Amino acid sequence: MAGLPLPARVSILKRLNFRPADVPAMLAGVIISVPVVSVLVAALFMGGGEAWQHIRDTLMVSYLGGTLGTLALAAFFMLVFAVPAAWLVTMHDFPGRPVFEWLLILPLAAPGYVLAYAWGDLMGVGGPLQSALRDLTGWSARDYWFPSMRSMPGLAFVLASGLYPYVYLTARTAFVSQSICALEAARSLGASPLRSFWSVVLPAARPAIAAGLALALMETAADYGAAEYLGVPTLTFGIVRAWKSFGEPAAAARLAVILLVLVVGLLLAERWSRGRAGSQQSSTRWRTVSRTKLRGLTGLGAALFCLVGFSIGFLVPVSRLVWRALEAREYVAPVGEALKNTLILAGAGAAFGFVLALVIALAGRGKGPAAAFARLTASSAYAIPGAVLALGALVVLGGLGLTLTGIVPVLALAWVYASRFTTTGAEPMVAALARAPASLGHAAESLGASPLRRAREVDLPIALSGASAGALILFVECLKELPATLMLRPFSWDTLAVRANAYASDERLAAAALPALLITLAGLIPVILLSWRLSHSRPGEHTHE
Amino acid sequence: MSDSLSAIGVSRAYHGVRVVDAVSLDLKPGMVTALLGGSGAGKSTLLRLFAGLEPVDEGEIRLGDRVLSSTKTTLPPDKRRIGLIFQDFALFPHLTALQNVAFGLKPLGKEAARAEARGWLGRLGLTERADAYPHELSGGEQQRVAIARALAPKPAAILMDEPFSGLDPALRASVRDEALEAVRAAGIPALLVTHDPVEALEAADHVAVMRGGKVRQEGPAADVYMNPVSADVAASLGPVNRLAAADVPAGLADVADGTELVVRPEGVCLDSSSGVRANVLASQVTGAMTRLVLNTGGQRLVALVPRDQAPKAGEDVGVRLDPALSFIFPSAKP
Amino acid sequence: MTGIRLWLTAATVLLASCGNPGAPASDAGKPVAESGDKPKSAGVLNVYSARHYDSDKAMYKAFETETGIKVRFRESGAPELLETMKAEGDASPADVVISSDAGTLYRFEAAGLLQPVEDVTLDEKIPAHFRQKDGYWFGLARRVRVIAYDPERVTPDEVAHYSDLADPRFKGEVCQRSSTNIYNLSLMGELIGRMGHDAAQAWADGVVANFARPPQGGDITQIESIAAGECSVALTNHYYYVRMTTGAPSQQAAAAKVKLSFPEQDTTGTHVNVTGAGVAANAPHRDNAIKFIEWLASTDGQVWLTGETKEYPMIEGTPLPEGLGALPDFKKSDFPLDELGTHQSEAQEIYDTAGWN
């Protein structure tokens, strides 16, 4: 808003562009950034202790190697599947294409650790695949090689199978929005479809794909549960262990700083790519995509390719868990208590995050530095693993002399959830406000509404139109979060995620299946919402007015 | 009687570029003043200065004797009592038509505000649509709700930013006439920002032509049309033929060196007795009038003639100029 | 607008529901609520447990029904419980600490979080080597770390001793889980105590040299690996095997292909570890805590404690859990368990040096 004029009272404040209306946004930004800042402070100023020596000397190499290897391999897996899949689905027509278009997003519903339980079980030496192989061939396990999920490549495969939709979604958008004209031009100049793809479409879509990939890799780096279950040492795993087994927050903080450097690198890559992707968006009007029909075997091949991706990321692991849950029907894990705790903790986190998201969205109308600061912190904090933020909260609590008793852990957890996930709640509201023309605010003012009344009666209701989606996503994200919950939850307050983790760690997969499935079920809600929105506001359908 | 809303030597610069440059303009009560200009002329910025959406860098905005904006202070928009109507209507999407109109009537109290809002909707023929949400209203209905909303709080002035350009062309004239009638009835100063010269001429009482951040000419609509002060002003009020002195075909007009001839298409008349001959290159029916593209002595002239008098393409015709619609100005470039 | 109001209401309700620590926890199965509330009433007991078995909740309920003492509990990982109790200090509401490993109980003891208890009943019932000598904690259920083997490739006498796992005969035949696991650490604790550092190191080196694959998974994974033919010998706690024999069909089939050897029958006996309990240093309800531990040592308590876990009851004469009866009777090591903890960091060092991940 162009300079809401205040009589010049304090010139310094004015020069700093300070406005009282900025205070809530500043506060939101601070609340969000304190956990990560305190981790940094702890790493810098608290001694690492003996534990740090031990970790540095014996474990650091494997932590770093595990994280870097997983990131690299997961990136490879995701690119190799998601980009061609997006290309097939947007530019071609083949049997089942409309269904695959949204089926391919479903793997986002299941958190990495859930997929790890299912795949570890399926591919294990005693699992159904290897058993069937041995039964069929009469071999013993040493007569053949079988890919192991309990390895770094296995971890990369499992995480990639659940996170590829990030790449798929951005690639799909890029293909639909920017390359049709260029593609047609290339085709008219005599380039084959494949050559057009390599030489025209892919280079144009590269920034968008890189942005999606960076996002997926941030999630990969943040994973704790899958790495723990599959026994792959990673930095995030190390952070939780340094705190749990050594009782050394400072040592954990130092590990966290290393992880943060990685994540910030990814974050910058994502920002940079997204900026470039934005500048390449040529027109705001969508063109109808004329899809190439794939007939016969080619069409079946395309369908099969998509089916494989969907099966690996969703169908197979979920079916396996359903099977395990049914198999154990004489022993149903009691999840009632965990369900209640999950609802309370995720609800508290979502409520707190929602308030912050609202503040940020409304402040965003002001375009002041405070609003920009709050939004930037929120979107950056999303990239930071829950384990690191939980550690930061623990450092703060320690500094305040508070222990995890009474209401403290609930508040601390809500704080960490909010710190990490506020942006997922804020973005839909920011988008709703951005869609509303600036003239609405001017209209309100011209009708004599004070800034406060304007915020309350115009901006707020508009922001809230994007709120239900935001609140839902917030809630589900909180519910899926494992490491922060493990570290901060009130004692004996097992959530579904914690229960699943505990059962799985004790090799009681049949018992872990039910809570894991419930989490996935909850995760499906926003994913279905997302795919519904995709299929109802499909670019390309917009030309027919 | 209401007060005038005046700009007195106001300027506004962005990054050193003076978008509004020492403009003075008086908006008289009961009168619709059209602010006409192309994009980038500074007309929307001037409206924002009037509305208090931006501070002035120089000069003053006054309502009667009261200073609204000066270099020292800017009264916030919500304290000005100046109604605004936007191109996109800016209806609050979460409020019904009635609630939209009642929004500015809050000081009256809830019941009185609703009654008053209902009255305004009735006046604009929207009684039936009171409980509809903006997305359920047609473009014309939305426009009328916006007018009702802006007028309901009895503003001291009303500013309209391209309010009719979003409307279906078929509806535009009738909606516009109805809307401006209501505005005039309020007896307050009204500013209509538009880029459409036809709209400015048809709908406004007073026209101010803006270009390059300055008001180049203002006055009653017909005056400005008939007596433009420059070729540019003439061009911004409608299509013109512009011919440098050297290019004017002999016998058409007496034009001194260093000047140019500006003729409106309807000022180019067909006259078989004229010694100036022209070949009809194209003849296009545009409604009651037919647009002719003529070639006379190698120069292109566009003429607008009644349809029943229009020759066919390829014919030879004689032409003369209507002095009332032909102007001679010093050349823009020597 | 109603949307946000709903949210705020929900948030308030949620916060209030967790922020009401004073609410009476009338039912067993209610989490321990608050540190501040420590009435010396005879009717309450706060349990901190590192076990997470669903049958434990029923066990608390049974104790409550029998004694009228209301049980409130916290379940969490042992390291987390330890850190919490440290942080809570004098204000800790904990009365009893239950952990499923003597090494872990040692950590609580060493951190000053337990208090000594002299109790004639317990001392009589529980053999001396299964409890801390000053009464800081008492072993209540036993498990043994045994060798699982493939009967088609291995004869029982080839796996009669832990040292056999280091025999070159088993080159490429040994499956193991990670050495960071407390079961492996505690076993190493006994080996260090019995044979000294150097011999223990040599044993670890030998086992690592025999690995069929890098350590992975849990104990069940090792048994499945043997059933699949990936290797022929592995270490496991007996109850994982027992749970497989009573588990899903696929697990029963795998267990059927594997046999257990109880090592050291002709020497010191098979390595035993315990689930045990101790009274918290600042227990607000010390008497109830002792009463509870005594109850756990009674027949009822023993059945509850071992029924789902398939551990061996501590007290002779207790009916065995379903599935355990099929196992043979065997000689158990009498190595003093309070020594396991003292060797813990040395054990980890040995494993790390041997390259046993």
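Buried area is the accessible area (1.4 Å probe) that two parts lose on being put together, summed over both. The legends below describe a predicted model, in which local features need pLDDT of at least 70, side-chain atom pairs count only at pLDDT 80 or more, and totals for chains, interfaces and linings use all residues. Residues are numbered from 1 along each chain as its sequence is written, chains are lettered from A and ligands numbered from 1 in the order in which they are written, and side-chain values use heavy atoms, with hydrogens and water left out.

**View 1. The interface of chain B with chain A.** Chain B and chain A bury about 1900 Å² between them, and carbon and sulfur atoms carry 67% of this area. On the chain B side, B:Asp78, B:His94 and B:Phe103 lose the most area to chain A, together 31% of what that side buries. Each chain brings 21 residues to the contact (heavy atoms within 4.5 Å). The count of salt bridges between chain B and chain A is zero; a salt bridge is a side-chain nitrogen of Lys or Arg within 4 Å of a carboxyl oxygen of Asp or Glu.

**View 2. The interface of chain C with chain A.** Here about 4200 Å² is buried, with 57% given by carbon and sulfur atoms. The contact takes 52 residues from chain C and 49 residues from chain A. Four salt bridges are counted between the two chains. C:Asp54 and A:Arg499 meet through their side chains in a salt bridge (3.4 Å, N to O). A:Arg508 and C:Glu308 also form a salt bridge (3.5 Å, N to O). This pair crosses from the loop between α22 (496-505) and α23 (509-536) of chain A to the loop between α11 (299-307) and β11 (312-313) of chain C. Helices (H or I, at least four residues) and strands (E, at least two) are DSSP runs, numbered from the N terminus. A:Arg508 is buried, with a relative accessible area of 12%, whereas C:Glu308, at 21%, counts as partly exposed. Buried means under 20% relative accessible area, exposed over 50%, and partly exposed in between (1.4 Å probe, protein chains only).

**View 3. A salt bridge within chain A.** The side chains of A:Arg420 and A:Glu481 meet in a salt bridge (3.0 Å, N to O). A:Arg420 lies in helix α17 (residues 408-435) and A:Glu481 in the loop between α20 (467-480) and α21 (483-488), so the pair ties together parts of chain A that are 61 residues apart in sequence. Both A:Arg420 and A:Glu481 are buried.

**View 4. A salt bridge within chain B.** The closest N and O atoms of B:Asp21 and B:Lys214 are 3.3 Å apart in a salt bridge. Because B:Asp21 lies in strand β2 (residues 17-27) and B:Lys214 in strand β10 (residues 214-220), the pair ties together parts of chain B that are 193 residues apart in sequence. B:Asp21 counts as buried at 16% relative accessibility, while B:Lys214, at 31%, counts as partly exposed.

**View 5. The largest nonpolar core.** A nonpolar core is a set of buried Ala, Val, Leu, Ile, Met, Phe, Trp, Tyr and Cys residues joined through side-chain atoms within 4.5 Å. Of the 207 residues in the largest one, A:Met78, A:Tyr168, A:Phe175, B:Leu5, B:Phe50 and B:Leu159 touch the most other members. Helix α3 (residues 49-91) of chain A supplies the largest share of this core, 19 residues.
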